[in-house]
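I keep these entries as a record of what I looked up, in the order in which I looked.

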Amino acid sequence: MCSEHQGLVVPGETPRPYVPEAHEGLGDDSGRKRAAVNEQGARRKLEYPPAPQPLPVPVIDNHTHMDFHDGDVALSVSQHMDVAEQVGISGAVQIGTDVESSRWSVAAAESDQRVLAAVALHPNDAARAYAEGTLEDDLAVIEQLAGHPRVRAIGETGLDYFRTTEEGWAPQHESFRRHLDIAQRLNLPVQIHDRDAHDDTVRILEEENFDGTVVFHCFSGPVSMAKKARERGWYVSFGGTVTFKNNHELREAIMAAGPQLLMAETDAPFLTAHPFRGRPNAPYMTPYAVRFVADMFGMDLDEFCHTLNENSTRVYGDFAAGFTQESPEQ
């Protein structure tokens with residue numbers, strides 16, 4: 001740990017860069033911002049949660065959105081990762097959901113060796129792009145960005161029947177198929193967003209004969225789907241949702257998937273782990289869900305972290321590859 005970073009994190013206390021009164025070197029505040037109220041219209045608690053105990057073996061935050069600000073501070077990529085590194089998060093995959101955020105993700109991966117990028121149109125954004133007549137142009141940009149050496153996945157793509165009504169499903173299907181084609185041709189893994197669309201998501205994967213690496217981000221499927229993922233060698237990524245009190249079915253599904261195909265994520269700034277649900281999220285929060293799932297399996301925490309790290313490295317490769325020191329800080 002570099003001496004300049006010592007003192008940023010004290011387990012049980014909010015990390016210093018996330019405390020507005022002690023904030024130093026405010027990051028770029030021009031990105032997207034999470035709403036201060038929840039879906040029920042109630043104002044959320046905007047203070048960042050306390051830092052967890054560091055993990056004994058470093059793991060990767062497999063899915064995060066550092067361009068999406070929350071709370072009362074805006075941090076740079078390096079600030080996020082400096083804090084995360086002190087609790088055992090050695091790297092993060094920054095996810096694109098549209099053209100702008102995909103470009104931002106590439107720039108983030110260029111700026112920090114601990115960050116890799118994934119680029120794609122989120123299914124809801126794909127439906128919106130189709131309605132606006134920009135889907136073809138947007139897909140062309142995504143494919144161009146996907147050739148960058150710091151881009152290690154196509155994602156998040158997939159299907160979302162929760163936020164997009166039925167008239168938008170066909171464009172989502174088309175976009176998903178096109179993303180699978182890009183991933184197949186460029187030999188990149190695909191990170192899948194699947195919300196209330198389990199059957200169609202699996203059906204399209206099978207119809208496209210996709211034989212590349214599949215990662216189900218923030219897995220929400222039933223036990224039967226988890227068993228299918230295990231049979232097919234599809235990776236299952238868990239986050240804060242697995243810790244929610246009433247999410248018994250998800251915990252059963254994660255157990256059915258088995259540790260050999262698991263990865264950890266935050267989906268920050270969303271889906272913060274219990275008991276901090278609804279509050280801002282960030283890569284440094286990853287250990288909360290990691291410890292919870294290790295306990296679920298009854299595994300030694302060191303062994304479980306080793307397994308997660310091996311899985312992430314197998315999917316995304318060397319985080320240092322393709323990095324140069326010439327890129328500006330993001």
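**Entry 1, the chain as a whole.** I note at the outset that this is a predicted model. I began with the secondary structure and found 10 helices and 10 strands in the chain. I then looked up the radius of gyration, which is 19 Å; the globule rule gives 20 Å for 330 residues, and because the two values are close, I take the chain to be as compact as a globular protein of that length. The C-alpha trace, laid along its principal axes, spans about 50 × 45 × 45 Å.

I looked up how much of the chain is covered, and buried residues account for 57% of the 330 residues. For the contacts, I considered pairs of residues at least 6 apart in sequence, and 77% of these contacts join residues at least 24 apart.

How much space lies in the largest pocket? I recorded about 1500 Å³ for it. Its lining is made of 40 residues, and those closest to its centre are Glu39, Arg163, Arg195, Phe270 and Leu271. I also checked which elements give two or more residues to this lining, and they are helix H3 (123-132), strand E6 (151-160), strand E7 (190-195) and helix H8 (248-257). Sorted by class, the lining of the largest pocket holds 15 charged, 15 polar and 10 nonpolar residues.

I searched the whole structure for cavities of 30 Å³ or more, and the search returned 2. The largest cavity has a volume of about 90 Å³, and of the 16 residues lining it, Tyr48, Met66, Phe68, His80 and Asn281 are the closest to its centre. By class, I counted 10 nonpolar, 5 polar and 1 charged residue in the lining of the largest cavity. The second largest cavity holds about 50 Å³ of space, and its lining includes Gly239, Gly240, Glu265, Thr266, Leu271 and Asn281. The lining of this second largest cavity divides into 6 polar, 4 nonpolar and 1 charged residue. Reading across the entries, I see that Asn281 is among the residues closest to the centre of the largest cavity and also lines the second largest cavity, while Leu271 lines the second largest cavity and is among the residues closest to the centre of the largest pocket.

I located Leu180 in helix H5, which runs over residues 169-186. Is Leu180 buried or exposed? I noted a relative accessible area of 2%, and because buried means under 20%, Leu180 is buried. Setting aside neighbours within four places in sequence, I found Leu180 in contact with Val190, Ile204, Leu205, Glu208 and Phe210. I also looked up its separation from Val9, 171 residues apart from Leu180 along the chain, and their C-alpha atoms are separated by 40 Å.

Which residues is Arg178 in contact with, leaving aside its neighbours within four places in sequence? I found Glu136 and Leu139. For Glu143, which is 35 residues apart from Arg178 along the chain, I recorded a C-alpha separation of 9.7 Å.

Notes:
Residues are numbered from 1 along each chain as its sequence is written. This is a predicted model: local features need pLDDT of at least 70, side-chain atom pairs count only at pLDDT 80 or more; totals for chains, interfaces and linings use all residues. Side-chain values use heavy atoms; hydrogens and water are left out. On a 1 Å grid over the protein atoms alone, a cavity is a set of points where a 1.4 Å probe fits but cannot get out, and a pocket is an open set with protein on both sides within 12 Å along at least five of seven lines; lining residues have an atom within 4 Å of a point. Grid points are joined across faces, edges and corners, and a volume is the space filled by probe spheres set on the points. Helices (H or I, at least four residues) and strands (E, at least two) are DSSP runs, numbered from the N terminus. Ala, Val, Leu, Ile, Met, Phe, Trp, Tyr, Cys and Pro count as nonpolar, Asp, Glu, Lys and Arg as charged, and the others, Gly among them, as polar. The radius of gyration is taken over C-alpha atoms; the globule rule is 2.2 Å times the number of residues to the power 0.38. Buried means under 20% relative accessible area, exposed over 50%, partly exposed in between (1.4 Å probe, protein chains only). Contact means heavy atoms within 4.5 Å.
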